[in-house]
Structure formats: C-alpha cells, structure tokens
Amino acid sequence: MIGGIDMRVSRLFFPSLRENPKEAETVSHVFMLRAGLVRKLASGIYTLLPIGYRVVKKIENIIREEMDAKGGQELFMPALQPAELWLESGRWYDYGPELMRLEDRKERTFALGPTHEEVITTLVRDNNRSYRKLPLLLYQIQVKFRDEIRPRFGVMRAREFIMKDLYSFDRDEEGMNRSYDAMYDAYCRIFKRCGLDYRVVEADSGAIGGDVSHEFMVLADTGEAEIAFCDSCGYASNLEKATDQLDPPEDAQEMDIQEVYTPNIKTIEELANFLAIDKSRTVKAVVYEAIYSGEKWNIVAAFVRGDYDINEIKLKNLLGCLYLNPATEEEVLSITPGGGGFIGPIGLKDAVVVVDESVMRMKNVVVGANKENYHLKNVNPQKDFPDDMKVADIRKVHDGSKCPKCGFPMKVRRGIEVGHIFKLGTKYSEAMNATFLDENGEKKYYVMGCYGIGVERTMAAVIEQLHDDKGIIWPMTIAPYHVIVVSVVVKDEQQRETAERIYSELINRGVEVLIDDRDESPGVKFNDADIMGIPLRVTVGKYLKEGKVELRWRRSGEVKLYSVNEIVDAVELAIKKEIDEINS
RNA sequence: CGGGGCGUAGCGCAGUCUGGUCAGCGCGCCUGCUUCGGGAGCAGGAGGUCGGAGGUUCAAGUCCUCUCGCCCCGACCA
C-alpha cells in the first residue's frame with residue numbers, strides 16, 4: 001500500500017531524541033519530535049519526515065477509500081489563487097488577515113488558498129451545465145495555508161497543513177442533505193478506522209458559512225475546543241453553540257426595588273458573599289464594543305444570570321457583527337456613571353442591551369445600580385428591564401448544565417477538532433453565479449456542502465489518545481510499519497541471519513516490516529521501537545537457542561514465544577486480527 | 001496584537017545578577033577495543049563568530065539600545 005518495502009533502521013532517517021525538546025509541551029508534539037516524525041522549519045511550518053509521512057499517507061488513504069466509497073472523485077487544485085476569485089465571493093475582506101496574500105512580478109495579487117470553495121465553485125460553474133451530472137462530489141487532499149494568529153502544539157495548529165476537502169454540488173436541498181448524511185457516515189468510518197475516540201457535535205459554522213454544521217471532536221485535554229455532551233441521550237454540541245434547559249420561571253411575589261450600598265463590591269463572587277445569596281440570584285453584566293463593517297460600531301451591554309458566563313460567539317452571531325471586543329473603561333463610563341462593577345440594565349445610556357433568557361425567568365434579583373458602590377435588590381426583569389432590550393440565548397453552558405433535550409446533567413470536556421462538515425446551501429453558488437439547468441430548462445443555483453479533515457492534526461490526535469510514557473502506540477491501521485524485527489545482538493551470526501530470514505519472509509508476504517539491524521545495545525533498539533509506536537515487535541535473542549523468537553505487542557506489552565518457522569504466520573495473523581477489530 | 005518566558009555545540013542545560021582561565025557540562029555524533037534482554041564501559045576525537053546589529057569599556061554570553069526568531073496564556077480554525 002505504501003511504497004518502500006525494504007527498510008532497515010540502520011538506513012532509516014529518523015532523528016529520534018532522548019530528551020524532551022523544550023519547544024514542545026503537548027504529548028503529541030513531544031512524541032512527534034522525539035520519534036522523528038516531524039521537524040519544524042519555522043513557526044507553524046513543518047517537514048514530515050519519512051516515518052511521519054508514512055502515517056500521513058495511511059490516513060490519507062483511509063480518507064480516499066471512504067470518500068470514493070461515497071462516490072467522491074479526487075482532483076487536485078492550485079494552492080495559488082488569484083485575488084479576483086476572493087473578491088468575487090466577498091471573502092477577500094471577510095476572511096481577514098488569516099488569508100496569506102502575495103503578489104507576482106507583474107503585481108497581480110494572489111492568495112495562498114486556506115480553503116477552496118472559490119476555486120471549486122468556479123470550476124463547476126464553468127464546466128457543468130446540466131442536472132444530469134448531479135450530485136457531484138469532488139475532493140482534494142492538499143496543502144492549505146492560513147496565517148494563524150498563533151500556531152501552536154506543533155502540527156496541531158499549523159500555518160501550512162494538509163487538508164482533505166470535499167465539496168458537494170446538488171440540485172436541491174434534499175440532495176444536499178443526502179450528500180451531507182453520506183459524508184457524516186464516511187467521517188464516522190474514517191475516524192473509527194484511525195482508532196480514535198471521538199464525538200460528533202453541533203457546531204457554529206464561522207467564516208465558512210451556512211446553517212447546519214457538525215464537528216468531529218477527539219476527546220483530549222489538550223484540545224482547543226470545548227464541547228458539551230449528554231451521556232444520557234447523546235446530545236453533543238460545541239460549547240460555542242451549546243445550550244441548556246432552563247429552570248422553570250420563578251413564581252415568587254414581586255417585591256419593590258430597593259437600592260443597597262455595596263461599597264467596592266465589583267464581582268459577582270463578592271456580591272453574592274456580601275449579600276449572603278447564591279450567585280444565581282444575581283445578574284452578571286459584561287460590556288463590549290461590537291464592530292460591524294468599517295466605521296460602524298456600538299456599545300453592547302450583555303446580561304446573564306450570575307452563575308453563567310457570556311457566550312461571546314452566540315452574542316456575536318446575534319448582533320451580526322464582525323468583532324466583539326471588551327469595552328474600554330471610557331466606553332463603560334459613557335454608558336453608566338457607576339463604571340465597571342455596578343452595571344445594571346436599568347438606566348443605561350446609548351447601549352444595546354442584550355439579556356439572556358435565564359434572567360427573564362427570575363424574580364427579585366440583584367443587579368448593578370449604574371451608580372458607584374450601589375446595587376439594586378428585588379428587580380423583576382419582566383417588569384423593570386427596558387422595553388427595547390433584546391432577549392436571547394447568550395449564556396455559556398458549563399459542566400453540570402442540564403441537557404436541552406433530556407435534562408440530564410451534561411459534561412463539558414475539551415476536544416480536538418479533526419473534521420468539520422457544513423451545509424453551505426447557495427452561499428457560494430449565488431455569490432459566484434454558479435448555475436445549472438434542470439430538466440425543465442430552468443436555471444438553478446447549486447446547493448452545496450463542504451467537508452474538511454485536517455490530516456496531520458488527525459495524526460496528532462491519535463497520539464494524544466494512544467500513547468504511554470514510552471511513546472506512541474499506533475493502531476495497526478495507520479502505523480508507519482506493522483512490525484519491527486529486532487535482533488538483540490547483531491554480531492551473533494545466528495541471530496542476525498534468523499532475523500534477516502524472518503524479515504525477508506515477512507516482506508514476501510506483503511507485511512510492512514522494519515528491521516533494526518543496528519549494532520546498538522538492546523535497550524536502545526527496544527526504546528526506539530517503543531517510541532516509534534510499531535504495534536508488533538519480533539525479538540530474536542536469548543530464546544533462539546531453543547529455536548524460539550518472541551512476538552511482543554506494543555500496546556499491552558504481552559509477549560508470546562513462537563518457533564522460528566511459526567513466527568511469520570503468527571505476525572500475519574496478529575496484524576489481520578487487529579485491523580479487522582478496528583474496522584468492524 | 002496584549003500578557004509571560006526563552007535564544008550559549010545536533011538535543012537538554014550551566015555560566016549573565018556581581019564584566020577579566022567562561023567557551024563549559026550531560027546526551028548524541030566519529031574511531032578503536034570490550035560488552036550485549038530495556039537508553040553499556042574504557043580510551044581517543046570532531047563540533048559553538050554565545051540569535052543578529054550597533055554602542056559602553058583597556059576588556060562584553062555577561063552592561064546599554066535596537067532588531068530578529070521561538071515557546072506558553074488569551075481572541076480565530078481543520
């Protein structure tokens with residue numbers, strides 16, 4: 001499957017490191033460096049070394065198989081893209097500084113593609129006219145560029161990285177949904193075949209656009225995203241989008257507003273302590289400046305129940321603004337004389353007031369008085385809050401929040417986003433005027449979807465999940481080699497010959513095998529095999545006197561003795577067994 | 001971009017505060033011999049314009065100024 005069938009460690013380019021490199025902190029980054037999978041060229045830019053590249057190719061091939069199985073057709077698109085394409089879709093400005101831009105010698109402007117919606121839409125628009133070819137599922141596996149604000153965790157968030165992208169073109173929404181479901185299914189199979197424990201979550205679609213989207217998240221503490229999920233009913237969502245079940249509206253007698261002196265009490269924590277009440281009896285205020293296109297901006301005061309935080313993504317989507325920044329002190333003072341710490345919804349000047357639904361269900365709550373060192377007690381949102389406020393879901397759910405579907409307490413965990421699928425609808429086909437003719441001769445916009453997988457990131461995610469203190473533990477399906485043959489003492493002629501014989505027999509059987517023929521002490525060879533994560537190790541050593549060699553499983557440490565003429569069968573069987581297990 | 005930290009041999013570090021045997025240690029690398037079941041021992045050896053540029057000084061890894069790069073924490077994404 002992967003080229004290069006004869007490989008001995010004495011010739012293999014794998015600069016392994018004994019000590020942890022200073023630049024790496026996460027497990028996957030450390031082991032990728034230490035096992036000689038990658039080397040950094042510059043911040044967020046990596047060379048894939050032979051062992052690392054083998055793993056990448058294996059992951060790519062799994063992806064290819066699953067894409068092809070759903071009718072996907074692979075093509076290859078340029079990384080260098082004329083700026084006009086991006087101006088046409090409107091993303092030249094919307095995409096922001098993350099888009100790598102450059103000029104050629106004639107001062108024509110280009111972008112290095114961070115994604116390929118523009119190119120593919122143009123391609124299909126210019127080369128297909130008919131509904132007969134639909135659905136069209138086109139994909140590519142290639143390098144993409146994003147000028148990340150902060151590259152980190154090695155290959156996990158890089159500026160140049162390999163991505164698989166499939167774009168679906170359908171005649172209508174129903175077709176798009178079918179394509180989407182097929183991809184959803186393919187993605188589940190891909191990540192399973194990579195040996196990953198993952199969750200599919202509902203997601204915000206961000207800069208790509210569209211309404212419905214799912215992310216494939218690998219559970220790991222080093223993940224950059226937070227997800228909320230319910231173990232009872234299966235609800236799962238990116239925290240950016242997650243919501244929860246609210247407590248029923250309170251049914252208390254409404255009391256009269258009362259001003260209370262709260263000297264220098266500025267945080268919810270202090271306020272709850274000072275008044276000896278629960279945080280959920282208070283209302284938290286956060287002030288932002290919302291920036292829309294160009295000069296357009298305003299000040300927004302957002303309110304949630306005291307025990308929640310604001311979900312800035314939800315707020316941003318609600319407002320429809322480009323950026324949401326924390327307000328400066330002057331901005332806060334311009335809307336409330338009390339300054340930060342005493343902000344309440346009543347009596348604010350020139351601010352858009354957004355109140356979370358949770359607050360509207362409360363009675364007799366405590367809010368800031370918009371007056372230094374004072375809060376208001378017994379405020380009743382339904383009655384007392386301003387008429388022109390917006391009520392919406394802008395809260396961030398937390399560990400233990402109630403599942404919106406079944407009410408069970410949810411978990412909040414970190415995850416690595418390895419795949420993301422989107423229903424795009426006609427966003428790009430309309431912007432770029434990509435149409436086809438249906439059977440009635442009517443012009444229609446393509447209804448599109450797009451589906452991405454970060455390839456190196458998937459590799460890193462596997463390491464995050466499958467490792468021990470000795471190194472990587474590759475699943476058989478994506479291991480750089482299935483098995484490594486180690487002779488303990490190379491200078492022992494009998495050991496050397498036996499190892500070589502087993503090695504060439506394994507090659508003949510089509511097994512991906514490595515032989516460690518170096519004149520190193522056994523510990524060195526064992527440790528290199530371990531850190532590299534080869535699933536099986538055949539050790540030719542002290543038992544050879546009895547005509548036996550060992551087969552050792554990297555994952556469990558289990559060792560079995562086989563006679564020299566049984567070992568090749570045993571290896572073949574072990575490989576097949578593990579691959580079948582993962583694929584089943 | 002804001003906050004924190006770091007650039008001295010391939011990797012990990014000491015030395016910088018308090019200028020003057022400070023060009024050092026461990027690992028790795030090369031040669032030879034002896035070893036060989038979880039990172040072997042002995043002997044010999046190669047390897048650094050101390051990130052870069054200015055400056056202060058009799059003298060600068062060491063002090064000053066500027067610059068470049070890298071890592072970590074926050075806003076973006078596969």
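# Close-up views of a predicted model

**View 1. Helix 7 (268–275), strand 15 (283–291) and strand 20 (365–371) each give at least two residues to the lining of the second largest pocket.** Helices (H or I, at least four residues) and strands (E, at least two) are DSSP runs numbered from the N terminus. This is a predicted model, in which local features need pLDDT of at least 70 and side-chain atom pairs count only at pLDDT 80 or more, while totals for chains, interfaces and linings use all residues. Residues are numbered from 1 along each chain as its sequence is written, chains are lettered from A and ligands numbered from 1 in the order in which they are written, and side-chain values use heavy atoms, with hydrogens and water left out.

The pocket holds about 300 Å³ of space. Its lining has 22 residues, and K266, A285, V286, G341 and I343 are those nearest the centre. Strand 15 provides the largest share of the lining, 6 residues. By class, 14 lining residues are nonpolar, 5 polar and 3 charged. (A pocket is an open set of points on a 1 Å grid over the protein atoms alone, where a 1.4 Å probe fits, with protein on both sides within 12 Å along at least five of seven lines; lining residues have an atom within 4 Å of a point. The volume is the space filled by probe spheres set on the points. Asp, Glu, Lys and Arg count as charged; Ala, Val, Leu, Ile, Met, Phe, Trp, Tyr, Cys and Pro as nonpolar; the others, Gly among them, as polar.)

**View 2. A276 and N370 each have a positive phi of about 55° although neither is a glycine.** Most residues other than glycine have a negative phi, and most peptide bonds are trans. A276 sits in the loop between helix 7 and strand 15, whereas N370 belongs to strand 20. A276 counts as exposed because its relative accessibility is 69%. N370 has a relative accessibility of 6% and therefore counts as buried. (Buried means under 20% relative accessible area, exposed over 50%, and partly exposed in between, with a 1.4 Å probe and protein chains only.)

**View 3. A cis peptide bond joins L134 and P135, with omega about 0°.** P135 is in the loop between helix 5 (117–127) and strand 8 (136–145). L138 is part of strand 8. With a relative accessible area of 10%, L138 is buried. Leaving aside neighbours within four places in sequence, L138 is in contact (heavy atoms within 4.5 Å) with Q73, L75, I120, V124, D165, L166 and Y167. L138 and V124 are 14 residues apart along the chain, and 9.7 Å separates their C-alpha atoms.

**View 4. The largest nonpolar core has 65 residues.** L37, M67, Y187, I190, F191, F216 and W474 have the most contacts inside this core. (A nonpolar core is a set of buried Ala, Val, Leu, Ile, Met, Phe, Trp, Tyr and Cys residues joined through side-chain atoms within 4.5 Å.) Not counting residues up to four places away in sequence, Y187 touches M67, K164, F216, G419, H420, I421, Y451, G452 and I453. A second, separate core has 26 residues, including I502, L506, I567 and A574.

**View 5. Strand 33 (residues 548–553) pairs in the antiparallel sense with strand 32 (residues 536–540) over 4 bridges.** Strand 33 also pairs in the antiparallel sense with strand 34 (residues 559–563), over 5 bridges. (Two strands pair if DSSP finds at least two bridges between them.) W553 in strand 33 is the bridge partner of L536, and V549 stands opposite Y562 in strand 34. Strands 33 and 34 form a hairpin with 5 residues between them, and G557 in the turn has a positive phi of about 80°.
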